[in-house]
Amino acid sequence: MDDLAATNGTNDKTSANGTDSPEGANGAPSTPAAGGEVRGSRAQPKTDKSEQTRALILETAMRLFQERGYDKTTMRAIATEAGVSVGNAYYYFAAKEFLIQGFYDRMTYDHAADARKRMAHTRDFAERLQIALESWLDTAAPYHEFAAQFFRTAADPTSSLSPFSNESHPARATAVELFREVLQGSELAPKLDAELVELLPDVLWLHLMVVVLYWVFDRTEDTERTREFVRRSTPVAARVINLSRYRVFRPIVRDAKGLIQDFILPTIGKTAVK
């Protein structure tokens, strides 16, 4: 555990639950310097230097999480390795857990960019969906060893790190938009009910969450069982969605849309926390 120390007017100490937390001399949470940036995972740097510093802190944290594990890596260690003050580290990330949010954001962006390249030359919906899911597995592969530590925090429904939280909205919105492109770039989209087309990206994101959950606990080499799950479940999902366009299945489709609208979508945070 780090010793109590003041850096740039910020005390670096570990709270009772093991999470680093910065405090000012009067015990109140420290605040960032002027400049319009928001403390925590949603920092919006206004200069290239600020953005580079934030990226450096995040990259350093990811490396240390891999080398030492999440629980054994402190904000002080991250700051030291990155060559910045502890106060500066807290300026960009309010606590260690917000580094995970930054990791979510970056990995979701990388996944979307990779998936778009891979599916650019196919319009088959099932192929596009499988490509998007396999792209996520490849993008996340380097972080599998400590993914379970992340999940322990994210699984708490009250945690800001939950994929369903308001705080996770930016990363989730990026992923949902990717699945919108998976569908709308396919030959299937024009054949489906327009309202279903609007709902499906969120449903496909939920399918990804099932894959992620399976992946977290998968200990096979190269997470082969998860990859096989994707290979086998994707055609099934594609066939079910394809069947929805036939008249005989319209009543079932209407019932399914009602369930999604009334019970699933309301549980997903829609607001990006500023």
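**Close-up views of a predicted model**

Of the 274 residues in the protein chain, 47% count as buried (under 20% relative accessible area, with exposed over 50% and partly exposed in between, using a 1.4 Å probe and protein chains only). This is a predicted model, where local features need pLDDT of at least 70, side-chain atom pairs count only at pLDDT 80 or more, and totals for chains, interfaces and linings use all residues. Residues are numbered from 1 along each chain as its sequence is written, and side-chain values use heavy atoms, with hydrogens and water left out.

View 1. Helices (H or I, at least four residues) and strands (E, at least two) are DSSP runs, numbered from the N terminus. Among contacts (heavy atoms within 4.5 Å) between residues at least 6 apart in sequence, 66% join residues at least 24 apart.

**View 2. Helix 6 against helix 8.** Here the axes of helix 6 (residues 147–154) and helix 8 (residues 194–216) come within 9 Å and cross at roughly 125°; axes are lines fitted to C-alpha atoms, for helices over the stretch in contact, and angles run from 0 to 180 degrees between N-to-C directions. That makes helix 6 oblique to helix 8 (under 35 degrees is roughly parallel, over 145 roughly antiparallel, 65 to 115 roughly perpendicular, and the rest oblique). Ala147, Ala148 and Phe151 of helix 6 meet Leu213, Trp215 and Val216 of helix 8. Sorted by class, that contact has six nonpolar, no polar and no charged residues (Ala, Val, Leu, Ile, Met, Phe, Trp, Tyr, Cys and Pro count as nonpolar, Asp, Glu, Lys and Arg as charged, and the others, Gly among them, as polar).

**View 3. Helix 4 against helix 5.** The axes of helix 4 (residues 96–118) and helix 5 (residues 125–140) come within 9 Å, crossing at roughly 135°. Helix 4 is therefore oblique to helix 5. On the helix 4 side, the contact includes Met107, Asp110, His111 and Arg118, while helix 5 brings in residues including Ile131, Glu134, Trp136 and Asp138. The tally by class is six nonpolar, three polar and five charged residues.

**View 4. The loop between helix 8 and helix 9 (224–243).** Asp222 sits in this loop and has a positive phi of about 55°, although it isn't a glycine. Thr223 is in the loop too, with a positive phi of about 45°, and isn't a glycine either. Is Thr223 buried or exposed? Thr223 is buried, at a relative accessible area of 7%.
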